Amino acid sequence: MPKNIDTDLAISIHNLDHSFGQGQLRKQVLFDINLEISKGEIVIMTGPSGSGKTTVLTLVGGLRSAQSGSLKILGQELCGATKEQLVQARRHNGYIFQAHNLHRSLTAIQNVQMGLEVHGFYSRSEMIRRSAEILEEVGLGEHLNYYPKNLSGGQKQRVAIARALVSEPDIVLADEPTAALDKKSGRDVVNIMQKLAKERGCTILMVTHDNRILDVADRIVHMEDGRLANNILNGSAAA
Ligand code: ADP
Ligand code: MG
């Protein structure tokens, strides 16, 4: 066991509850979530539609604010965080959605550059160099100047991965990234995510319904009705 366990954790969630709405319409959707994810770990979250997976991901990503309990990202508490603290926290993350969310009016390389522009400290030539390099790594070196409409679903999702990873984030959050893809493209996409994450030592929390990709995870956790049901070490889960 590592000695200083706190600094080895990328994500540390304790007794996290979450509700949507106010007054009579208030509805609790997360109940007492506890989850610790080490740096460099790949964790897959499964569970039926409506069980709260996206809500967990958006809280971890700092896309909405945590209300009660504790949610620490790289040691920083996000529960009760200010808007500025959330913006800061988001800089550690790369986010990949089910729909690729590429800008239609930008080419592949311009879309990837967007992932660096938010950071504001790269020169233009450095942004182009890094963007071309990562597109090369996801197998799109020949497609730098293609617009999304001229790319396949799998290629678009690979551009989205390149955009999420180009700034070398500590944590990658992926919400059903293969849901819109055929079997082979889905497999390619997660293999690339796994490879890039392992090379860069980044942590991945990925939500998926896709049983075909569970083997990339170090660990699988399951959501059910707003509760985290069980922790399964991969290997036993694959059986
Ligand atoms: P999953 O990603 O597992 O399908 P979600 O986290 O999207 O589940 O949703 C969990 C529950 O929270 C659902 O009952 C859903 O209707 C509700 N919910 C999600 N987002 C909102 C929102 N912005 N406002 C109100 N209710 C929401
Ligand atoms: Mg969802």
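Reader: Why is Cys-79 called buried?

Author: Its relative accessible area is 17%. Buried means under 20% relative accessible area, exposed means over 50%, and partly exposed lies in between (1.4 Å probe, protein chains only). Cys-79 has 17%, so Cys-79 is buried. This is a predicted model, where local features need pLDDT of at least 70, side-chain atom pairs count only at pLDDT 80 or more, and totals for chains, interfaces and linings use all residues. Residues are numbered from 1 along each chain as its sequence is written, and side-chain values use heavy atoms, without hydrogens and water.

Reader: What makes Cys-202 count as buried?

Author: Cys-202 has 2% relative accessibility, so Cys-202 counts as buried.

Reader: Why is helix α3 called largely enclosed?

Author: Helix α3 spans residues 108-117. Helices (H or I, at least four residues) and strands (E, at least two) are DSSP runs, numbered from the N terminus. Seven of the ten residues of α3 are buried, so the rest of the structure largely encloses this helix. Among the buried ones are Ala-108, Ile-109 and Leu-116. Their cover includes α4 (124-137) and α5 (153-165).

Reader: Why is Phe-31 called partly exposed, not buried?

Author: Phe-31 has a relative accessible area of 23%, so Phe-31 is partly exposed. Phe-31 sits in strand β2 (residues 27-38).

Reader: Which residues does Phe-31 contact, leaving aside neighbours within four places in sequence?

Author: They are Leu-16, Asp-17, Asp-225, Gly-226 and Arg-227. Contact means heavy atoms within 4.5 Å.

Conventions:
Chains lettered and ligands numbered in written order.
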